[in-house]
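Me: Please walk me through how two chains meet. Keep it short.

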Amino acid sequence: MQSGVTITETKEKTSTELEGTWDVVVFDDPVNLMGYVTKVFEKVFGYPRERAEHLMMTVHLDGKALVWTGTRERAELYAQQLQSYQLQASLEKAG
Amino acid sequence: MRVMPTLEGGLRIDVETATDWLVLEQIAPDALQGGSEKLPSRLSALMDDESEWDEMVIPELKEFFNGQLRKVADTVQAAQSKGDPEAESPEGEVFIEREDGLEWYGALNQARLALESRYQFGPAQEVSELEAFPAPKRSAFIRSQFYCALQSLLLEHVLE
């Protein structure tokens with residue numbers, strides 16, 4: 001019984017931690033072409049060219065860029081899509 | 001080797017020498033020798049434990065990336081087998097169909113990531129340094145440059 005209580009508490013805690021808004025962050029890498037990264041941002045997020053280019057340049061110059069903020073579930077979906085395009089992406093709890 | 005866009009929205013690679021075939025054949029091995037099976041883990045290295053990425057996503061990414069390499073290897077092999085085996089000339093054509101553009105781009109990217117990881121050319125490598133490279137690194141650098149040029153053409157003419 002004790003272990004059952006612990007599991008429930010852990011799940012509740014985990015669920016609470018995942019609530020709120022999350023940032024999707026993309027990191028720079030040594031090979032991806034700038035035009036490709038722009039195209040991926042347009043395709044995955046539906047961003048207009050200008051915004052996609054701005055985010056791409058932020059990745060290029062700063063080493064990373066916050067590309068989207070929203071629910072955890074949606075953020076995970078975007079991170080998965082970005083990684084399938086071979087961009088390094090992660091999630092961070094929005095500050 | 002010459003590469004040009006097709007009317008159908010793809011690319012045609014005119015293979016003129018045996019070396020051209022070798023370079024095209026080398027795309028998948030370059031990616032695999034560089035540990036492309038580790039690429040999904042590298043791309044998601046910063047994901048937190050809550051996401052269960054290792055169980056849920058990485059296996060799918062591995063299969064997806066392997067599929068890109070299989071597509072390229074199969075296309076090159078099929079193009080080679082179309083040639084006359086009795087003919088002395090190695091000339092041939094490799095077609096990258098419009099719908100296969102992303103798979104080719106991804107396979108070339110895997111190869112470039114692997115070569116970069118192995119040889120660390122750096123982002124602003126100057127061609128003047130090429131002569132100072134040991135032979136394997138020089139050869140890898142030239143292939144990496146070719147893969148990058150092919151990616152640029154895919155980006156310009158094929159990828160939507």
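**A buried glutamine and its interface**

Reply: Gln86(A) counts as buried because its relative accessibility is 2%, and buried means under 20% relative accessible area with a 1.4 Å probe, protein chains only. This is a predicted model: local features need pLDDT of at least 70, side-chain atom pairs need 80 or more, and totals for chains, interfaces and linings use all residues. Residues are numbered from 1 along each chain, chains are lettered from A in the order written, and side-chain values use heavy atoms, without hydrogens and water.

Me: Which side chain makes a polar contact with the side chain of Gln86(A)?

Reply: A polar contact is a pair of N or O atoms within 3.5 Å; within protein, one must be able to donate a hydrogen and the other to accept it, and residues adjacent in sequence count only if both atoms are side-chain atoms. The backbone oxygen of Gly106(B) lies 3.1 Å from a polar atom of the Gln86(A) side chain. The side-chain partner, also at 3.1 Å, is Asn109(B).

Me: Which residue forms a salt bridge with Asp48(B)?

Reply: A salt bridge needs a side-chain nitrogen of Lys or Arg within 4 Å of a carboxyl oxygen of Asp or Glu. Between chain B and chain A the count is one. The closest N and O atoms are 2.8 Å apart, and the partner of Asp48(B) is Arg72(A).

Me: How many residues of chain A are in contact with chain B?

Reply: Contact means heavy atoms within 4.5 Å. Chain B brings 31 residues, and the number from chain A is 26.

Technical notes:
Buried means under 20% relative accessible area, exposed over 50%, partly exposed in between (1.4 Å probe, protein chains only).
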